[in-house]
Amino acid sequence: MHARTSLTYDLQKRFDRFQAIVGFENTQRDLGNVDIRVVGDGRDLLTISHHRAVDAPREIDLDVTDVQQLQLITDFGGGQDVEDRVIWADARLRKRR
């Protein structure tokens with residue numbers, strides 16, 4: 001996902017967990033720098049500021065119980081728009097029981 005991108009998913013309150021690993025490809029070396037947000041129904045569930053390509057990937061495990069719409073947002077961090085592409089690896093939703 002390139003910086004300045006937002007993806008919205010209609011969960012219809014059917015899930016209780018959102019899990020993923022967020023990071024950069026190894027080819028981006030130290031150039032990438034982004035801000036990452038996960039938003040549920042307009043409420044911030046996660047904010048990661050200035051996540052850089054040299055940082056270790058971050059595991060995400062969020063409670064999305066009763067969330068109607070889930071947004072994954074990647075925005076410009078520090079510096080210019082250079083290599084600002086994030087991978088949301090192994091992204092998955094767990095269905096409510």
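**The core and its surroundings**

Leaving aside its neighbours within four places in sequence, V38 is in contact (heavy atoms within 4.5 Å) with R43, D44, L45, L46, L62, L70, Q71, L72 and W88. This is a predicted model: local features need pLDDT of at least 70, side-chain atom pairs count only at pLDDT 80 or more, and totals for chains, interfaces and linings use all residues. Residues are numbered from 1 along each chain as its sequence is written, and side-chain values use heavy atoms, with hydrogens and water left out.

V38 belongs to the largest nonpolar core, which has 22 residues. Such a core is a set of buried Ala, Val, Leu, Ile, Met, Phe, Trp, Tyr and Cys residues joined through side-chain atoms within 4.5 Å. Buried means under 20% relative accessible area, with a 1.4 Å probe and protein chains only. F18, V38, V64, L70 and W88 touch the most other members. At least two core residues come from each of β2 (15-23), β3 (33-40), β4 (43-52), β5 (58-63) and β6 (69-76). β2 gives the largest share, four residues.

Now the whole chain. Seven strands are present and zero helices; strands are DSSP runs of E, at least two residues, and helices are runs of H or I, at least four, numbered from the N terminus. Of the 97 residues, 37% count as buried. Residues 24 or more positions apart account for 79% of the contacts with a separation of 6 or more. The C-alpha atoms fill a box of roughly 40 × 20 × 15 Å along the principal axes.

How values were computed:
Buried < 20%, exposed > 50% of the residue type's maximum accessible area, 1.4 Å probe, protein only.
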